[in-house]
Amino acid sequence: MAPKRCSRVVLVPCPFQGHISPMLQLGTILHNRGFSITIVHTQLNSPKPSNHPDFDFQFIPEGLSKQEIASFNVVDVILALNERCRIPLQECLIQRESREDITCIIYDDLMYFSEEVANHLNIPSIVLRTSSAASLLSRLAILQLKDEGYIPFPDAMSQDQVPGFPTLRFKDLPICNFGTPENFYQLLAHMCDIKTSSAVIWNTMDCLEESLLVEQQLKQFPIPIFTIGPMHKFAPACSSSLLKEDSSCIEWLDKQDPNSVLYISLGSMASTNEKELAEMAWGLANSKQPFLWVIRPGSIHGSEWIESLPEGFMETVGERGCIVKWAPQREVLAHPSVGGFWTHCGWNSTLETISEGVPMICRPCFADQMVTARFVSHVWRIGLQLENELERNEIERVVRRLMVEEEGEEIRKRAEDLKESVECCFKKGGSSYNSLSKLVEFMLS
């Protein structure tokens, strides 16, 4: 049964690129299935309503100072958002002419204040988890290890396996160095607690994480879980980039041989220093492989853009390299000339890469990226991980291992096989397709 258009869903995204994208994809998916969509969003990193003309956008003040935003202390910023956005969200929903048409509030698990507002207004709420099931289990492991006195763990334990989670080593746990440890543990506890929400939507697939999802449900209160990943495949036209995409790189890719190009992008938040940049640059140059490199303006400490690239680098690589400020990533990954992706292992990037059967070089930066990198390289075995300090000879070796050596061919074959499994999930009759149908029925009930 399709919902009437008056069935309205209120979506509350977290104002960071990796969280905005899946929430807007979910909005597109639900709108295509008959729901009316309201996005309640902070002024910080606000999405462009013109990109989503079918949605109703309501902006609320988040009360963050320029200093707080510029601090890059993500933990404290998120705690502040939860403290300061509750009343604005409540007032925003109370001011609506009719609250009776709201079917439910779906909120990012980092925006947990929304659940309190939903309870106050007697509206059902659903959690959207924008990261992997492995990531949530690693957070639960951190809280348990803290209670058992393991944390902070000594450096000597960094290579040891995590008790109860043998896939991960202590060094893979997403322990955050921003702000105080107390604030980090407070945020973790809130994120892991589903409180009184009636269901969880997950941007993942059974073919990737079925056993982990079962384990998670055993560890937490068993409410319905709807795995509807990869969501970008259900909403292929949905664009939610906060940065302007440079499509000129597609023309450059058109001139390259199949599977020959290494695509490099470290996401929307990671930054690097001049020394690491030089090692990356010469490692890429010495590998002799064509590359498309995304260097975000401001992502190199002390530089506006690429003026810190080492002298002679551009002349050495010539036409073999293409550098842009931001790329249309999904289009790039689907391009036949792209044969590998050097990635920070953000969950959205990982799902987009898996969906196109592209093997990876993993260089995680923070948070759950370390967990994802471990699963990419050691569980699904569709990539290689750069673990140590960046060094040009090691970079050259890893690039060549992935792009031209027999080992890379074996990894590419596994990546292609996994792509086929993922396609089975989101096509009609697949696990994600069926889960989405059940979600719509659940929301209407």
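Me: Which residues do ring pairs link into a cluster?

Reply: Phe165, Trp347, Phe375 and Trp380 are the residues that ring pairs join into a cluster. Rings of Phe, Tyr and Trp (its six-membered ring) pair if their centres lie within 6.5 Å; planes under 30 degrees apart count as stacked, over 60 as edge-to-face and the rest as tilted. Before going on: this is a predicted model, in which local features need pLDDT of at least 70 and side-chain atom pairs count only at pLDDT 80 or more, while totals for chains, interfaces and linings use all residues. Residues are numbered from 1 along each chain as its sequence is written, and side-chain values use heavy atoms, leaving out hydrogens and water.

Me: How many aromatic pairs does this rule give, and why is the pair of Trp282 and Phe313 called edge-to-face?

Reply: The count is 14 aromatic pairs. For Trp282 and Phe313 the centres are 5.9 Å apart and the planes make 90°. The distance is within 6.5 Å and the angle is over 60 degrees, so the pair is edge-to-face. Trp282 belongs to helix H11 and Phe313 to helix H12 (residues 313–317), so the pair ties together parts 31 residues apart in sequence. Both Trp282 and Phe313 are buried (buried is under 20% relative accessible area, exposed over 50%, partly exposed in between, with a 1.4 Å probe and protein chains only).

Me: What makes the pair of Phe291 and Phe313 stacked?

Reply: Their centres are 6.1 Å apart, with 25° between the planes. That angle is under 30 degrees, so the pair counts as stacked. Phe291 sits in strand S11 and Phe313 in helix H12, so this pair links parts 22 residues apart in sequence. Phe291 and Phe313 are both buried.

Me: Are Cys192 and Cys207 buried, exposed or partly exposed, and how do you know that?

Reply: Cys192 has 4% relative accessibility, so it is buried. Cys207 has 33%, so it is partly exposed.

Me: Why is strand S2 described as largely enclosed?

Reply: Strand S2 (residues 36–42) has seven of its seven residues buried, so the rest of the structure largely encloses it. Helices (H or I, at least four residues) and strands (E, at least two) are DSSP runs, numbered from the N terminus. In S2, Ser36, Thr38, Val40 and Thr42 point one way, and Ile37, Ile39 and His41 point the other way. In a regular strand the side chains alternate between the two faces of the sheet.

Me: How do you know that strand S1 and S2 pair?

Reply: Two strands pair if DSSP finds at least two bridges between them. Strand S1 (residues 8–12) and S2 run parallel and are joined by four bridges, so they pair by that rule. Leu11, for instance, has Ile39 of S2 as its bridge partner. S2 also pairs with strand S3 (residues 56–60), in the parallel sense, over five bridges.

Me: Which strands form the open sheet, and in what order?

Reply: Six strands do, ordered S12-S11-S10-S13-S14-S15, with parallel pairing. Strand S12 (321–324) and strand S15 (383–385) are the edge strands, each pairing on one side only. Within the sheet, strand S10 (residues 261–265) pairs with strand S11 (residues 291–294) over three bridges.

Me: What makes helix H15 mostly covered?

Reply: Nine of the eleven residues of H15 are buried. Among them are Met370, Arg374 and Phe375. The buried residues of H15 pack against several elements, including helix H6 (133–147), strand S7 (165–169) and helix H14 (347–355).

Me: Why does Asn203 count as buried?

Reply: Asn203 has 2% relative accessibility, and the limit is under 20%, so Asn203 is buried. Asn203 lies in the loop between strand S8 (199–202) and helix H8 (206–219).

Technical notes:
Contact = heavy atoms within 4.5 Å.
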